[in-house]
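The sequence and structure come first.

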Amino acid sequence: MLLGLFLAMVFLVIEIARVMYVWNAAQDITRQAARAAARTDFSNAAQMLAVRQDALPPGAASLGGFSANQVRIDYLSVNAAGAMAPVATLPACPTRNLINCTNAPHGANCVRLVRARLCQNDGAAACTPAPYQPLLPPLLGFGSGAMALSIPSSDTVVTAETLGYLPGMASCP
């Protein structure tokens, strides 16, 4: 009886430490993804997939069930009042974005910011927080009912840097 209570307390402490680690890892994942996306060509799907995969720590699937599909990267414009809004239609290439931003810095088609966040991979337009996957849900009650936890989306917004633009790069249509 006493051994069972002791083991339950040990597993509870381990699970709480793991929750804290997963939440910290979520923030680190979005920080790395946003920073890399600010320097990567958004029109190249292979490069963007690499950005998402490289942001994940080793063993991310076992850590919290993280996958590259959960890392959502959004490109934002900033209007004259300073409000952020998603860019409805991305420019065809980084060169076109540079031209758009030079002509209209507060235009709706000028990518000024990059946002990365962790979302449940459910295909929804809104960012639904991903559920936390505990190590031992049946024993401790985590992960279901009133004890269900979600991983915070951990939004990270950074200034768009080159977006993959290199000097002398050919213009696109």
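## A pair within helix α1

This is a predicted model. D28 has a relative accessibility of 30% and therefore counts as partly exposed. R31, at 45%, is partly exposed as well. The two residues form a salt bridge, with 2.4 Å between the closest N and O atoms. Both belong to helix α1, where they sit three residues apart, about one turn of the helix.

## Helix α1 as a whole

Helix α1 covers residues 2-37, which is 36 residues. From first C-alpha to last the helix reaches 52 Å, close to the 52 Å expected at 1.5 Å a residue. Its buried residues include E15, R18, V19, V22, I29 and T30, and several alanines, among them A25, A26, A33 and A34.

## From helix α1 to the segment after β6

R35 forms a salt bridge with E161, and the closest N and O atoms are 2.8 Å apart. R35 lies in helix α1 and E161 in the segment after β6 (156-159), so this pair ties together parts 126 residues apart in sequence. R35 is partly exposed at 43% relative accessibility, and E161 is partly exposed at 42%.

## A buried pair between strands

D74 and R115 are both buried. They form a salt bridge with a closest N and O separation of 3.1 Å. D74 is in strand β1 (residues 71-78) and R115 in strand β3 (residues 113-118), so far as sequence goes 41 residues apart. A network of salt bridges links D74, R115 and R117.

## Overall count

The model has five salt bridges.

How values were computed. Residues numbered from 1 in each chain as written. Predicted model: local features only at pLDDT ≥ 70, side-chain atom pairs only at ≥ 80, totals over all residues. Heavy atoms only, no water. Helix = DSSP H or I, 4+ residues; strand = E, 2+ residues; numbered from the N terminus. Expected span 1.5 Å × (residues − 1). Buried < 20%, exposed > 50% of the residue type's maximum accessible area, 1.4 Å probe, protein only. Salt bridge = Lys/Arg side-chain N within 4 Å of Asp/Glu carboxyl O.
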